[in-house]
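Subject: Structure handover

Hello,

Here is the structure I said I would pass on. Please open it first, then read the notes below.

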Amino acid sequence: MTKVQSGLSRRRLLELAAGAGAASIALPFARPALAQAGPIKVGVMLPYTGTYAQLGEAITNAMELYVKQKGGTLASRAIQFVKVDDESEPPKAPALASKLVQGEKVDILIGSVHSGVALAMSKIAREENVTTIIPNAGATQLTRSLCAKNIFRTSFTNTQVGLATGRTMAEAGLKKVVTCAWKYAAGDEFVAGFAETFALGGGQIVKSIDVPFPNVEFQSALAEIASIKPDAVYVFFAGGGAAKFVKDYAAANLKANIPLWGSGFLTDGVEQAIVGAGDGVKTVLHYADDIDNPENKAFRAAYLAATKKAADVYAVQGWDTMQLLEVGLQAVGGDVSKRDALNAAMSKATFASPRGPFKLSASNNPIQNFYLREYKNGANALIKTAVTAYADPGTGCRLSS
Ligand code: BEZ
């Protein structure tokens, strides 16, 4: 951490100065008027290479588009993004987060996609009390036992998605399922959530197959699925790995006899890569391409015009990250030194998202609809709302709401 002579961090001294009213004038480094004149620095820690690269790009595109639509400012303050590529590699995360928070002295931190990266990054965010928004990573603990007043999520918990999918698959009458997921925090939590509600609905997991992250060698898993012949397969893969799995599954001729289901990450963000191979794959997620609300229509049209790409769930999460930040910045008149007020306003934010109504739980995780979708003709079509205003049911967060 950058130290000043007193041995306290510059950030901590600025906080003390902000809380000290007139006394702050005496501190040589507490220059709120000057500090507020420049741009708000937003540190962005996302994957731009590796299997989750497309996810990081979609989040970034949507955040930049949002700010561009607002003339480059939020709450009358210019926004400056400072980006780093975390490569979805958790061991690199502490140094990258430190670089942004302590080196670049960003006012706001945004990241990441991979649960392991977000867990490491959030440790620094908590220690430094920097307002942080997680635009994807679903590590459940982050909004349970590790929750903090300065940490927000605009995505989901992995468990929440798994729970919504398990109950939807049980309601579809499926009884015996094989699960197949990447072996890391996210995959484990998607399967654990799924297992809970699928069992409650009378279903049974007959085999759980783990694949090391980020391996995309699926042949032995597919051979095992073919020999077990379950009613269906429930899968968590995302990004490049998801596209490969869907194509390999179709090529192995399994799709006709063993329906492929998953959390929506299986077919989201990879719509063009799985044309044909993905037809008929059913998934559950907090977004579907054709959700019929004005926000979704306007967002998709603007995103397509700006990027020449169709929007996906990751883009929606990036968009809502900026919506959430704007609510906070407006509440403090763009003065990011008013951290407590900024955080308090964000925790109470409600707004219309392309996904439907958006609000946060007492642990700063979205309460949102989950949709049953079917991939067809290059898009994730809405079949029905599977569950409305669904919160992660977790306890363990000690935030007062
Ligand atoms: C995760 O690591 O939390 C994650 C990554 C990609 C999609 C969904 C979740």
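Two strands count as paired if DSSP finds at least two bridges between them. Helices (H or I, at least four residues) and strands (E, at least two) are DSSP runs, numbered from the N terminus. This is a predicted model, in which local features need pLDDT of at least 70 and side-chain atom pairs count only at pLDDT 80 or more, while totals for chains, interfaces and linings use all residues. Residues are numbered from 1 along each chain as its sequence is written, and side-chain values use heavy atoms, with hydrogens and water left out.

The sheet

The protein contains twelve helices and 15 strands. Six of the strands make an open sheet with mixed pairing, in the order β2-β3-β1-β4-β5-β6. The edges are held by β2 (73-74) and β6 (151-153); each has a single partner strand, so one side of each has no neighbour in the sheet. Strands of a sheet pair through backbone hydrogen bonds, either parallel or antiparallel. Strands β1 (residues 40-46) and β3 (residues 77-85) run parallel and are joined by seven bridges. M45 has V84 in β3 as its bridge partner.

Backbone details

Two cis peptide bonds can be looked up. One joins G111 and S112, with omega about -5°; S112 sits in the loop between β4 (108-111) and α5 (115-128). Another runs from F213 to P214, with omega near 0°, and P214 is in the loop between β8 (204-212) and α8 (219-228).

Positive phi values in residues other than glycine also occur. K105 has phi near 55° and lies in the loop between α4 (93-103) and β4. K308 has phi near 65° and lies in the loop between α10 (294-307) and α11 (313-331). For cover, buried means under 20% relative accessible area, exposed over 50%, and partly exposed in between (1.4 Å probe, protein chains only). K105 is partly exposed because its relative accessibility is 29%, whereas K308, at 67%, is exposed.

I367 belongs to strand β14 (residues 366-376). Its relative accessible area is 18%, so I367 counts as buried. Leaving out residues up to four places away in sequence, I367 touches P357, K359, L360, S361, A389, Y390 and A391; contact means heavy atoms within 4.5 Å. I367 and S88 are 279 residues apart in sequence and 26 Å apart in space, C-alpha to C-alpha.

Of the 401 residues of the protein, 56% are buried.

Regards
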